[in-house]
There are 2 protein chains.
Amino acid sequence: MTTLSEVARLAGVTSATVSNVLRQRGKVGEQTRLRVLEAVEQLGYRPHLTARALAEGRAPTLALMVSSIANPFYPEFALAAERAARAHGRFLIVCNTNDDPATGRAYLDQIAGTLSDGVLIMNANLPMDDLKKTEKRGAPVVLCMWEKPDAPPELPSIAVDFRAAGAIAGRHLIELGHRDIGALVGSKKNGIHAERYRGYLDACAEAGRKHAQERTRYIPDTVAAGYDATMAMLKEFPQLTAIFASNDLPALGAMNAIADMGLNVPRDISVIGITDIQWARLSRPALTTVAVPTDSAAEMSIELLLALINRSSKSPVMRVTATPELVRRASTAPPKKR
Amino acid sequence: MTTLSEVARLAGVTSATVSNVLRQRGKVGEQTRLRVLEAVEQLGYRPHLTARALAEGRAPTLALMVSSIANPFYPEFALAAERAARAHGRFLIVCNTNDDPATGRAYLDQIAGTLSDGVLIMNANLPMDDLKKTEKRGAPVVLCMWEKPDAPPELPSIAVDFRAAGAIAGRHLIELGHRDIGALVGSKKNGIHAERYRGYLDACAEAGRKHAQERTRYIPDTVAAGYDATMAMLKEFPQLTAIFASNDLPALGAMNAIADMGLNVPRDISVIGITDIQWARLSRPALTTVAVPTDSAAEMSIELLLALINRSSKSPVMRVTATPELVRRASTAPPKKR
């Protein structure tokens, strides 16, 4: 590999001058600058990013930790975050924790502050203490898509009003006339989808109705779990006319289960999700959902992380995205007359 | 951030000894070793990966370049590659070229040999010359899922017999009794899906049939393009009873178009794809497809790349995965009697 000193030798200048030209620092005459750039070109020299990062006391990438890259939402978020990172001249490393805190800790220990000088955390199931330790070691951490705008976490975050999203979904079903609604919550009872479910309950309360707890299932956030839970719930409660799902994946599973039972969405049963992943648009019927602002959340996350890196600000900051919005598609309709 | 010499000071040894303990090299007495590890623990010291990589003349990550992370196949491949990389103690950087050779070149220039010491290329639409230049600069390159096992490329590669996959898909439709078949090819005429289409034509020829060229559409490899092309083709050739798609995404688009035209898959029209992405299983009807061995291709790619990095072998090597296999689901059936 070509070195800085080989470039310097060919250009007839010192290594410091080559470095100044490449980093656009210091005073270098125009002719010298051109001679250096010619030598760089001729020798195919590339400034050594890691060396430069070490010299400057910073590492060159940003890391995004996700709980499961197999969840199709995360690549969509990663794509948006990667675009935003590239727009700021940074590369994004995507780390997949597979929902395992030990793997997550290994990534934090190995990557934060060495390969990456900042970390975005997306539902990576990591104890807050591990994250704070990472921050203390000098690598800022941003929680992406924090679920509770009214309860800022102890770390900088981008918050999405998921409770509002749940309320919008619930209101939509109730306004269509649904009274017998089953709920799929894609996390444990106090897990990351609790706020969405709380929003749904808000909508029920607003309408003067009470959701019967036995019509709620706490399940993994997957198509398969949504499928199984819907099968089981419709056998137990055949009178249900609508399914509220706290995420698009279980909602898509619910639609498959309903189809496989020989019923029709939305004629027999309406289904609504939250997020608006690509497959919400592409399923048949297309899924009615409450869209969260994924792209802007990703951009805001990158911007906040870079601000923390550059300013070394350590105070927790929370920024809130635009409010989620209903996207009406083909999976919801008024309930059948009996 | 804690430094090596702080650890050395606390443990009462030299920095070289700390380094030996952490790298499990050299002779270090058990008691000294424990004292060093205690100091490491106490100070929260992490070996500086980039510094170590520089010292050892190697960079610490592997890079995977994909043409579009929005294509759901790539996260599936990235997941498998990331697991294989982690199993070898490496981190994987995913770079998204957005099908743009200039972006791809920027990634190669910035990453290869600095942040990463090897690059996996997945359909990243990059000129072979750029890749060879990267290799010449010392960063091995492996082409993942090369389409032509009988024509090895000039760079190391993992090949998949995509022509066989196309033939398997074609044979399945013909054996079901289909004679009026439309073909969706998810690339330009001589693009990356040409081999799959050639395999489909092989199956037609074996059966003594000729596919009429006007029943083939060369389209982008997306659900939307498959949708539009199917709409157009079924209007032009209403007698079609089956669609061969060179990839699952256009096949899923074809199924949506058929549903939106008020027709039934597979009763009116059968649809088959190639790859077996997650959504092939999850669509309704579930998509019949020819599964390519994604996970093992990813593992083989990582292993070949590491072998090239470690041995500095420069001769092109091609390894071929297991042959693709038919996965019969609900989207194919014999044609209706007329």
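Visitor: Which residues are linked with B:D276 in a network of salt bridges?

Guide: A salt bridge here is a side-chain nitrogen of Lys or Arg within 4 Å of a carboxyl oxygen of Asp or Glu. By that criterion the network joins B:D276 to B:R281 and B:R329. This is a predicted model, in which local features need pLDDT of at least 70 and side-chain atom pairs count only at pLDDT 80 or more, while totals for chains, interfaces and linings use all residues; side-chain values use heavy atoms, without hydrogens and water. Residues are numbered from 1 along each chain as its sequence is written, with chains lettered from A and ligands numbered from 1 in the order in which they are written.

Visitor: In chain A, with which side chain does the side chain of A:D276 make a polar contact?

Guide: A:D276 sits in the loop between strand 9 (270-275) and helix 12 (278-282) of chain A; helices (H or I, at least four residues) and strands (E, at least two) are DSSP runs, numbered from the N terminus. Its relative accessible area of 15% makes A:D276 buried (buried is under 20% relative accessible area, exposed over 50%, partly exposed in between, with a 1.4 Å probe and protein chains only). A polar contact is a pair of N or O atoms within 3.5 Å; within protein, one must be able to donate a hydrogen and the other to accept it, and residues adjacent in sequence count only if both atoms are side-chain atoms. At 3.1 Å, the partner of A:D276 is A:R329.

Visitor: How many residues apart in sequence are the parts tied together by A:D117 and A:R90?

Guide: The two form a salt bridge, with the closest N and O atoms 3.1 Å apart. A:D117 is buried at 8%, and A:R90 is buried at 9%. A:D117 belongs to strand 3 (residues 116-122) and A:R90 to the loop between helix 5 (73-87) and strand 2 (91-96) of chain A, so the parts tied together are 27 residues apart.

Visitor: Are the rings of B:Y200 and B:F244 stacked or edge-to-face?

Guide: Rings of Phe, Tyr and Trp (its six-membered ring) pair if their centres lie within 6.5 Å; planes under 30 degrees apart count as stacked, over 60 as edge-to-face and the rest as tilted. B:Y200 is buried at 1%, and B:F244 is buried at 0%. Their centres are 4.6 Å apart and their planes at 15°, so the pair is stacked.
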